[in-house]
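Please open the structure in the viewer and keep the selection tool at hand. The tour moves from one selection to the next and states what is found at each stop.

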Amino acid sequence: MARIPASTARELLAASFSGMVFGFLEDGGQEFEQSCSSSDGSSQENEAMFDMEDDQEDAGEDEKDKKFWENQNQILQATLCRTSSLETKIRSVTKDAVKESVEAVCGCGKESTGCRSCLMREVSGRLCNAGYNSAICKSKWRSSPDIPSGEHTFLDVVDNSSSRKGEVRVIIELNFRAEFEMARANVEYNRLVQRLPEIFVGKVERLQNLIKILCSAAKKCMNEKKMHMGPWRKQKYMQAKWLGACKRTIATSTPPLSVGQSERLRLRPKASMLTVDLLGEMMPNMHCAPVAVV
């Protein structure tokens with residue numbers, strides 16, 4: 001057998017090794033392309049799966065929100081519909097007093113509807129004349145880590161006519177709906193607020209339920225709109241207005257002036273001696289009662 005030279009053997013060995021390497025790279029490249037192709041397909045499937053899960057979650061959240069607002073509406077309606085004979089009687093006297101105060105002018109010279117303190121004094125006086133233990137209540141609370149300080153004035157009636165029920169307190173708020181209105185509320189919250197009466201007359205327990213319903217709805221509304229909820233919208237703050245410690249003052253209502261009397265009070269404007277001549281030159285038809293300046 002002929003002997004192969006060493007240089008030729010090395011060349012044959014190198015060629016064989018080179019062929020093995022390139023063959024491995026070609027096979028590996030094909031396998032890598034196939035794996036990449038399958039990887040791209042699986043990633044697209046995963047993305048589609050995640051999108052479907054997100055859509056399902058969004059649909060679930062929308063359904064949950066819808067149920068929440070429907071539930072709040074039902075609870076609110078049920079709370080407002082329930083009433084006692086005592087509440088009905090006090091509500092009737094209160095509404096009549098407010099209605100008649102529209103044409104009256106209070107002692108401070110303003111129309112009763114434009115002066116909250118005079119209107120409350122008039123309504124409370126009418127309730128006292130009707131035989132109810134009514135008073136003007138002023139609540140005042142200090143600030144805490146949860147809520148700021150504040151004060152609020154409203155009316156109440158304390159009834160002790162039933163020995164079985166004991167003392168029953170009825171809260172009267174003449175501007176109830178406005179206490180829960182929000183400038184940037186969503187449609188669902190505004191729909192709840194519109195269901196509230198302008199004048200609230202109800203027991204403490206009923207008011208507690210309404211505060212809970214509305215404050216829970218306000219929190220939900222702010223979360224949906226991704227907005228910060230002011231501390232004065234919180235349940236603790238609203239409870240402090242009507243359900244906290246307060247000072248009761250029996251109304252000493254001054255008799256309201258008739259329309260004719262109020263007009264006579266505003267007939268002639270007064271002017272000082274320093275300006276009466278100037279006013280006469282500028283407005284000759286205006287007659288002022290001069291007042292001496294000492």
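**A tour of the aromatic rings**

In this predicted model, a search of the whole structure finds six aromatic pairs. A pair of aromatic rings is described by the distance of the centres and the angle of the planes.

Select F68 and W69 to begin. Their ring centres lie 5.1 Å apart and their planes meet at 80°, so this pair is edge-to-face. W69 has a relative accessibility of 4% and therefore counts as buried, since the limit for buried is under 20%.

The charged end of K220 sits over the ring of F68, at 5.6 Å from the ring centre.

Next, select F176 and F200. These rings form a stacked pair, with 4.8 Å from centre to centre and 25° between the planes. The pair links distant parts of the chain, the two residues being 24 residues apart. F176 belongs to the loop between β3 and α4, whereas F200 is in strand β4 (residues 200-203). F176 is buried, with a relative accessible area of 0%, and F200 is also buried, at 3%.

Ring pairs link F176, F180, F200 and W242 into a cluster.

Finally, colour the model by pLDDT. The mean for the protein is 78, and 62% of its residues reach 70 or more. Which element has the highest mean pLDDT, and which the lowest? Strand β3 (residues 168-173) has the highest, 98, and helix α7 (residues 259-265) the lowest, 42.

Terms used
Residues numbered from 1 in each chain as written. Predicted model: local features only at pLDDT ≥ 70, side-chain atom pairs only at ≥ 80, totals over all residues. Heavy atoms only, no water. pLDDT = per-residue confidence, 0-100. Helix = DSSP H or I, 4+ residues; strand = E, 2+ residues; numbered from the N terminus. Phe/Tyr/Trp six-rings, centres within 6.5 Å; stacked < 30°, edge-to-face > 60°. Buried < 20%, exposed > 50% of the residue type's maximum accessible area, 1.4 Å probe, protein only. Lys NZ or Arg CZ within 6 Å of the ring centre and 35° of its normal.
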